[in-house]
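Me: Could you take a close look at one part of this model with me? I'd like to follow its charged side chains from partner to partner.

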Amino acid sequence: MSSPDPQVRAARNLADPSPENKPENKPENKPENKPENKPENKAENKAENKAEDKTENKSVRSRSRSRGPVVAVTGAATGVGELLTARLAASEEIKQVIAIDERRGEVSEATWHVLDVRDPAIAEKLRGADVVVHLALDLDLETDSAARTAYNVRGTQTVLTAAAAVGVHRVVLCTSAMVYGALPDNDVPLAEDAELRATAEATGVGDLLEIERLGRRAPRAHPGLQVTVVRPTVLVGGTDTALTRYFESPRLLVVAGSRPTWQFCHVDDLVTALEYAALEKIDGEFAVGCDGWLEQAEVEELSGVRRMELPSAVALGAAARLHRIGLTPSPAGDLAYTMHPWVVSVSRLHDAGWRPSWTNEEVLAALLEEVEGRHTVAGRRLGRKDATAAGAAGATVALLGTAALVRRARKARRRF
């Protein structure tokens with residue numbers, strides 16, 4: 001029996017060459033047996049070797065992709081959906097990416113279908129997919145709340161029903177850690193399986209709670225369908241939310257007696273967490289964000305932006321009035337997320353082998369760079385003229401000046 005070690009076999013062959021290993025004793029005076037060293041032959045050989053390597057690599061990639069899942073992404077043309085679509089399309093672990101949106105995106109490697117996610121015809125577009133990552137949500141501050149809810153809830157219902165109808169075995173939903181609620185008695189950090197105690201008083205949170213309810217109900221209504229829910233913390237990176245606008249203010253509003261804590265999530269980390277979910281490396285419900293959190297004093301020190309402290313009744317009352325008359329896009333409920341802790345453990349992702357690539361400090365720095373030059377007071381974006389006045393007068397005067405806006409709006413209503 002020959003040795004399994006190739007070095008041992010080689011040594012044996014050199015020591016006692018067998019007939020097949022002995023070199024042929026060819027006469028040296030036969031030039032016709034010598035290979036001609038032509039440059040063109042070397043070039044041809046090199047080209048052939050490259051072609052063989054390319055074919056072999058392509059074959060390896062093809063074999064690898066043939067074993068991966070087919071993943072469909074809704075909301076694939078913009079934002080997080082676009083980033084995830086590009087990442088999945090480049091992954092050797094994914095067989096195919098089906099991209100769905102109301103317009104065609106830039107990721108050419110994906111198979112595109114242009115339609116509204118509320119259209120029942122989406123079922124045929126999802127046929128053949130193993131996993132659907134549903135990211136077609138409207139959480140724009142400027143969108144009419146009734147229209148936003150109609151789109152978000154109906155879209156999620158349609159995607160879940162369509163996925164079950166064509167044999168998709170997993171749907172990944174992306175909501176927010178805001179569903180835990182921001183409350184003064186919250187644990188720091190909250191466990192991922194903590195009770196969801198949020199109310200519908202903050203922007204879009206009512207929609208997210210309803211989406212989670214639909215996600216919990218779907219496996220009971222459609223046996224065989226599994227639902228994974230991903231809950232990012234304060235999302236940063238090309239996003240515009242009430243929480244990112246908080247850092248556009250000339251002063252950071254702090255409600256007296258509150259205990260704000262900040263835990264960020266960069267979109268890059270959300271995309272890799274969604275990829276984990278799409279590859280079924282993790283399931284169930286889990287949070288995603290940076291490790292740990294920042295206290296308000298740390299945020300102020302790192303940002304260099306000073307605080308403006310107001311009594312709770314003044315801050316909440318002003319926010320409610322301004323939103324009610326349409327001067328600000330953010331309801332008073334958004335303030336709770338800048339008052340009370342709602343940071344969450346990300347242990348489930350850690351247990352699955354995932355790690356964030358950003359720290360809270362790094363994400364805060366990126367956010368401050370992103371919002372530089374923008375000016376917001378009480379959630380309302382100011383024009384250049386208003387911003388100059390606010391900067392000169394200070395945040396307190398700017399906020400108190402909103403009382404004049406309230407009076408002006410009331411007078412305008414009385415004229416009609």
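Reply: Happy to! This is a predicted model, where local features need pLDDT of at least 70 and side-chain atom pairs count only at pLDDT 80 or more, while totals for chains, interfaces and linings use all residues. Residues are numbered from 1 along each chain as its sequence is written, and side-chain values use heavy atoms, with hydrogens and water left out.

The count comes to 16 salt bridges, each being a side-chain nitrogen of Lys or Arg within 4 Å of a carboxyl oxygen of Asp or Glu. One of them joins Glu212 to Arg231, with the closest N and O atoms 2.7 Å apart. Glu212 sits in helix 6 (residues 205–221) and Arg231 in strand 6 (residues 226–232), so this contact ties together parts that are 19 residues apart in sequence. Helices (H or I, at least four residues) and strands (E, at least two) are DSSP runs, numbered from the N terminus.

Glu212 is buried at 1% relative accessibility, and Arg231 is buried too, with a relative accessible area of 1%. Here buried means under 20% relative accessible area, exposed over 50% and partly exposed in between, using a 1.4 Å probe and protein chains only.

Arg231 also meets the side chain of Glu285 in a salt bridge, at 3.2 Å from N to O. That pair links distant parts of the chain, since Glu285 belongs to strand 11 (residues 285–288) and Arg231 to strand 6, 54 residues apart. Glu285 is partly exposed, with a relative accessible area of 32%. Through shared partners, salt bridges join Glu212, Arg216, Arg231 and Glu285 into one network.

For another example of a salt bridge, look at Glu124 and Arg127, whose side chains meet at 2.7 Å, N to O. Arg127 is partly exposed, with a relative accessible area of 48%.

Rings make a cluster as well: ring pairs link Tyr246, Phe247, Trp262 and Phe264. Rings of Phe, Tyr and Trp (its six-membered ring) pair if their centres lie within 6.5 Å, and planes under 30 degrees apart count as stacked, over 60 as edge-to-face and the rest as tilted. The whole structure holds six aromatic pairs. Among them, Phe247 and Trp262 are edge-to-face, 5.0 Å centre to centre with 70 degrees between the planes. Phe247 lies in the loop between helix 7 (242–245) and strand 8 (252–255), and Trp262 in strand 9 (residues 261–262), 15 residues apart. Phe247 is buried at 6% relative accessible area, and Trp262 is buried at 1%.
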